[in-house]
Amino acid sequence: MTDMAHAPEAHAAEAHAHAEEAFIWKYVFSKNHRVIGIQYYVTAMVMALVAGLLAMLIRLQLAWPQRDWGVLAKLFPMGYDVGGGFGVMRPEFYAMLFTMHGTIMVFFVLSTAPVSGFGNILIPLQAGARDMAFPFLNGLSYWTFFVGCVVILSSFFVGAGAAAGGWTAYPPLSALKGAVPGSETGQTFWIIGMVFFIASFTMGGLNFVTTIINLRTKGLTPLRMPMTLWAMFLVAVLGLLAFPALVAACLMLIFDRHFGTSFFLPTGLVLNNVPLLGPDGKTFLHQGGSPLLWQHLFWFLGHPEVYILMLPALGFTSDILVTFARKPLFGYKSMVGALWAIAGLSFIVWGHHMFVSGMNPYLGMAFAVGTILIAVPSAVKVFNWLATLRGARIRFNTPMLWAVGVVSLFISGGLSGVWLAQSAPDIQLHDTMFVAAHFHLIMAGAALFGVFGATSYWFPKMFGRMMNDTLGKAHFWFTFVTYYGTFFPMHYIGIAGHLRRIYDPYQYEFLKPLQPINQLITISALILGSSQILFFVNFFWSAFAGKKATENPWQANGLEWTTASPPPHGNWPGPIPEVHRWPYEYANPDFPKDHVMQHEPLTAAEMEVKAAEGPSRHEH
Amino acid sequence: MGRLQGLLFALATVALVVLATFYFTRPWLPPLKSDRIAIDHAIWLSLVVTGAVFILTNLLLAYFSWRYQDDGRTRAAYWHHNPRLEWSWTLVTALIMCTFLFKALNLWAAVNAEPPADAMLIEVTGQQFAWNVRYPGPDGMLGRTDHLLASQENPIGLDKSDPHAADDVLLLNQLYLPQDRAVRVQVRSMDVIHSFFLPNFRVKQDALPGMTVQIWFTPKETGDFEIACAEHCGLGHYRMRGQVHVVPVAQFDKALADAAVQ
């Protein structure tokens with residue numbers, strides 16, 4: 001379907017390979033950005049398998065809560081009551097499932113695969129750099145992340161099990177050992193795992209910012225940067241500014257848990273009708289703290305964090321959409337402006353998670369303002385994407401399907417944000433499945449679809465091969481239909497009052513009629529989960545045995561397509577190409593071919609126009 | 001093959017629009033039993049406006065995906081910039097959002113306004129995994145509590161030496177409310193964070209240890225409803241359920257007295 005008429009790519013790159021390095025230095029403790037990116041990516045996908053499995057167990061429980069799962073009881077003896085020959089899930093196991101599903105998915109999968117994974121693979125290639133600015137720091141950041149993963153995964157096997165206080169870890173639940181079984185050793189592991197993750201993300205962020213600011217090739221002015229590069233830059237800035245708040249909070253939580261401080265713990269805690277007394281036996285052990293402080297610190301990170309997940313996907317989507325629409329990105333400057341606006345506003349909206357938390361209602365007003373305003377740049381992005389498609393010549397290869405999938409999810413999930421941003425409707429909808437529907441569509445879904453799109457699009461630059469297009473399309477269609485089937489109905493049961501994080505909803509009379517919908521959701525979720533097998537088969541098969549990729553298989557314009565697939569060490573065998581134009585020059589009637597790459601020098605006619613317009617005009 | 005994918009995506013999108021619109025117009029909200037009808041109106045307004053945008057943008061997405069597929073012969077339009085168009089949709093969106101904002105802030109202010117002077121005082125204290133409900137009794141004053149006094153028999157640590165404590169009425173997981181009279185509920189917690197959720201009354205307030213948060217509303221219809229805990233509070237979170245009984249004002253004192261005896 002794509003014609004490869006002008007692809008004189010040769011695999012000269014391999015010849016450039018310098019002196020053989022030992023396997024361990026080349027592929028394990030590598031300092032090469034592409035290898036590190038792939039390490040991040042694959043690790044995140046393994047974590048996704050774990051977190052996805054946890055989600056399947058959550059869904060089984062919500063559809064058939066009191067059912068005997070003999071097989072599951074054998075697989076997870078700690079999670080199911082096995083005494084007396086029945087296998088009903090334990091409530092503490094359920095709490096652990098949703099806590100760890102959220103934690104792993106948000107941080108170890110959807111922050112990692114798009115940002116650390118594709119960020120490392122793509123930044124030097126799109127910016128025209130030999131590698132990241134600090135290759136050693138880059139390797140160190142991956143291995144720090146790896147330790148974080150090991151700590152988080154091993155927490156399933158300690159004492160009373162992994163953390164069970166929700167991915168938001170609100171104290172006192174997460175601070176008092178007797179409050180929930182997971183708040184024993186499991187919560188400590190959670191905190192340590194998170195600190196490793198944040199340390200890794202900070203190293204990565206420094207690398208991203210430095211590389212994008214300092215190592216761009218000649219001619220790559222900020223307003224010639226592809227959207228992915230813009231997104232990576234802003235994401236790194238968000239991470240650097242927001243994550244320190246969570247590290248501080250984690251340390252305070254450690255102190256509250258183990259050293260008797262009271263940052264988050266107020267005076268007068270009574271657990272199981274027994275006052276928690278200090279060593280003197282007369283006064284409370286904890287005095288004067290506030291659980292709201294944790295919520296402020298957590299969400300000060302937490303809200304920029306959801307944009308850390310999403311911005312890369314928005315960048316990938318713009319790049320992919322344009323390539324397969326064969327048409328320039330509509331409103332490039334407003335797209336960049338919208339990214340900046342979203343990133344900036346993301347720092348003043350965190351309190352919308354706290355409208356009913358007991359926070360002063362005046363603050364609720366302020367946070368409603370910022371939250372509602374963020375709808376404007378988000379809408380601008382959607383309109384620009386739609387305008388990009390108007391009059392296009394779309395080629396629906398696998399990456400394009402994922403890209404229009406992101407647009408679809410961004411619309412569906414974004415609009416419910418307008419409901420939740422208004423503090424009064426949020427009274428009814430807060431902590432219901434409506435919120436679960438909202439963020440699974442926009443944050444998780446857009447990020448996930450973005451990663452799948454990016455994987456099929458940039459696979460040539462990762463492994464030098466193409467992914468199988470037929471398998472890819474099958475994977476898209478199963479995922480697209482069942483993703484909506486799983487998360488869209490959650491809006492309805494959420495409006496009906498269905499709570500989140502609830503082990504057996506049917507204890508409540510008003511939720512009993514919703515069980516058939518929950519069963520439908522679960523069936524859809526199980527198909528969604530199993531269809532990911534298609535992806536894993538395609539990924540590994542294509543990585544080793546897929547069709548060899550040419551330099552520029554999609555006829556795209558970015559710098560990453562000017563070098564071999566995969567790029568050699570140092571990315572370009574010869575000098576680094578210079579940039580002369582923006583990355584979205586498609587369908588320009590002044591050129592004989594339908595796309596003009598970023599490194600192609602200006603034609604004589606273009607030079608004349610430029611000279612006539614003077615330097616002040618914006619240049620494309 | 002290429003054109004089939006675009007057609008499929010367009011059809012899938014249209015199917016999504018039809019199904020979503022159909023099910024969103026069903027009455028999902030639990031029947032309203034309080035005076036907070038403005039919250040329902042705000043939800044409906046959000047549905048209508050975002051629903052219109054949902055339908056419009058999705059239909060455009062479907063149409064463009066189907067209509068503008070590569071024919072292998074012609075080129076796409078070289079069209080990537082239109083300041084007037086871009087400014088218009090930015091400003092129109094901003095205008096709609098400002099309208100939402102204006103309404104939202106007013107409604108939020110109304111919900112959080114001072115309760116009427118004659119509002120009935122009730123205290124609700126969450127603990128793992130029950131709701132302790134307390135009425136001040138004939139003297140209209142809640143007795144002092146001291147969490148150091150908390151025990152199995154005295155879960156909220158009521159100080160019985162306080163003269164106001166003697167006539168306090170204590171109930172467990174049962175909340176009696178008077179019809180058509182404002183109630184102000186002081187929400188507290190003994191241990192972890194809970195959330196006091198009355199689905200039929202459009203009321204939800206987190207219960208925090210160390211803080212007392214007051215909310216108020218007016219029950220409008222008699223009947224029996226449910227209290228749910230909306231904030232994950234431990235392994236018994238799912239069964240932290242209580243009952244709300246709205247009774248006519250004339251029968252309220254007797255109903256409360258009867259409940260207290262049980």
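Me: Which residue stands opposite B:Y135 in β3(B)?

Reply: In this predicted model, the residue opposite B:Y135 is B:V169 of β3(B).

Me: What makes β2(B) and β3(B) a pair?

Reply: Two strands pair if at least two bridges are found between them. β2(B) and β3(B) have four bridges, in the antiparallel sense. Four meets the cut-off of at least two, so β2(B) and β3(B) pair. In general, strands of a sheet pair through backbone hydrogen bonds, either parallel or antiparallel.

Me: Why do β3 and β8 of chain B stand at the edges?

Reply: The open sheet of five strands has the order β3-β2-β1-β5-β8 in chain B, and its pairing is mixed. β3 and β8 (213–217) each have a single partner strand, so one side of each has no neighbour in the sheet. Ignoring direction, neighbouring strands of this sheet are turned by 25 degrees against each other on average.

Me: How do you know that β6(B) and β9 of chain B pair?

Reply: Two bridges join β6(B) to β9 (residues 223–229) of chain B, and these strands run antiparallel. The cut-off is at least two bridges, so two is enough for a pair. Here B:F196 stands opposite B:C229 in β9(B).

Me: How many bridges are there between β6(B) and β7 of chain B?

Reply: β6(B) pairs with β7 (residues 203–207) of chain B over five bridges, in the antiparallel sense. In β7(B), B:K204 stands opposite B:F197. The hairpin of β6(B) and β7(B) has four residues between the strands, and B:R202 takes a positive phi near 55 degrees there.

Me: What makes β6 of chain B mostly covered?

Reply: Five of the five residues of β6 (residues 194–198) are buried. B:H194, B:F196 and B:L198 point one way from β6(B), while B:S195 and B:F197 point the other way. Both groups are buried.

Me: Is B:G157 buried, exposed or partly exposed, and what makes it so?

Reply: B:G157 has 19 other C-beta atoms within 10 Å. A residue is buried at 20 or more and exposed at 12 or fewer. The value 19 falls in between, so B:G157 is partly exposed.

Me: Where is B:G157 found?

Reply: B:G157 is in the loop between β2 (130–135) and β3 (169–172) of chain B. Not counting residues up to four places away in sequence, B:G157 touches several residues, including B:T145, B:H147 and B:A150. B:V183 is 26 residues apart from B:G157 along the chain, and their C-alpha atoms are separated by 23 Å.

Me: Are A:N571 and A:A587 buried or exposed, and how do you know?

Reply: A:N571 has 25 other C-beta atoms within 10 Å, and A:A587 has 23.

Me: What is phi of A:N571 and of A:A587?

Reply: Phi of A:N571 is near 75 degrees, and phi of A:A587 is near 60 degrees. Most residues other than glycine have a negative phi. A:N571 has a positive value, and A:A587 has one too.

Me: Which residue is joined to A:P172 by a cis peptide bond?

Reply: The peptide bond from A:P171 to A:P172 is cis, with omega near 5 degrees. A:P172 lies in the loop between α7 (135–154) and α8 (185–214) of chain A. Another cis bond joins B:Q128 and B:F129, with omega about -5 degrees. Most peptide bonds are trans.

Me: How many residues does the contact take from chain B and from chain A?

Reply: The contact takes 87 residues from chain B and 94 from chain A. Among the elements that each supply at least two residues of the side of chain B are α1 (2–24), β7 and β9. By class, the side of chain B that touches chain A has 48 nonpolar, 27 polar and twelve charged residues.

Technical notes. Residues are numbered from 1 along each chain as its sequence is written. Chains are lettered from A and ligands numbered from 1 in the order in which they are written. This is a predicted model: local features need pLDDT of at least 70, side-chain atom pairs count only at pLDDT 80 or more; totals for chains, interfaces and linings use all residues. Two residues are in contact if their C-beta atoms, placed from the backbone, lie within 7 Å. Ala, Val, Leu, Ile, Met, Phe, Trp, Tyr, Cys and Pro count as nonpolar, Asp, Glu, Lys and Arg as charged, and the others, Gly among them, as polar. Axes are lines fitted to C-alpha atoms, for helices over the stretch in contact, and angles run from 0 to 180 degrees between N-to-C directions.
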